[in-house]
Amino acid sequence: MNTTYTVAGMTCGHCVSAVSAELTKLPGVHNVAVDLESKAVTVTSDGPLELDLVRAAVDEAGYELS
């Protein structure tokens, strides 16, 4: 399943790495693809992810789910 989120505050490759690393830790996540220009983050997972878990992972990376 692919789900796309918008993450505010990302400006560089380090931002992409930080967000990807935190989201990859979530159970069932297989891949994270980030489009820095549009701030879109597409997560490939076994099934639907709880929005609170996604938000907490993005917050842990230092950014905000918008």
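## The salt bridge and its two partners

Lysine 25 is exposed, its relative accessible area being 61%. In this predicted model, the side chain of lysine 25 meets that of glutamate 22 in a salt bridge, with an N to O distance of 3.2 Å. Side chains of opposite charge can pair when their charged atoms come close. The count of salt bridges comes to 1.

Glutamate 22 lies in helix 1. With a relative accessible area of 18%, glutamate 22 counts as buried, because the cut-off for that class is under 20%. Apart from neighbours within four places in sequence, glutamate 22 is in contact with Ala57, Glu60 and Ala61.

## Overall architecture

The protein comprises 2 helices and 4 strands. Read from the N terminus, the elements follow the order β-α-β-β-α-β. The radius of gyration is 10 Å, close to the 11 Å given by the globule rule for 66 residues, so the protein is as compact as a globular protein of that length.

Taken along the principal axes, the C-alpha atoms fill a box of roughly 30 × 20 × 20 Å. Of the 66 residues, 35% count as buried. Among contacts between residues at least 6 apart in sequence, 59% join residues at least 24 apart.

In soluble globular proteins, nonpolar side chains tend to be buried together. The largest nonpolar core here has 18 residues, and the members that touch the most others are Val7, Val19, Leu23, Val41 and Tyr63. At least two residues of this core come from each of strand 1, helix 1, strand 2 (29–35), strand 3 (40–45) and helix 2.

Valine 7 illustrates the contacts made by one of these core members. Beyond its neighbours within four places in sequence, valine 7 is in contact with Val19, Lys39, Val41, Val58, Tyr63, Glu64, Leu65 and Ser66. Val19, Val41 and Tyr63 in that list are also among the core residues that touch the most other members.

Just after helix 2, glycine 62 adopts a positive phi of about 100 degrees.

The structure contains 0 disulfides. Cysteine 12 takes part in none, and its nearest cysteine sulfur, that of cysteine 15, is 3.5 Å away. This separation is too far for a bond between cysteine 12 and cysteine 15, because a disulfide requires sulfur atoms within 2.5 Å.

Conventions:
Residues numbered from 1 in each chain as written. Predicted model: local features only at pLDDT ≥ 70, side-chain atom pairs only at ≥ 80, totals over all residues. Heavy atoms only, no water. Salt bridge = Lys/Arg side-chain N within 4 Å of Asp/Glu carboxyl O. Buried < 20%, exposed > 50% of the residue type's maximum accessible area, 1.4 Å probe, protein only. Core = buried A, V, L, I, M, F, W, Y, C linked by side-chain atoms within 4.5 Å. Contact = heavy atoms within 4.5 Å. Rg over C-alpha atoms; globule rule 2.2 N^0.38 Å.
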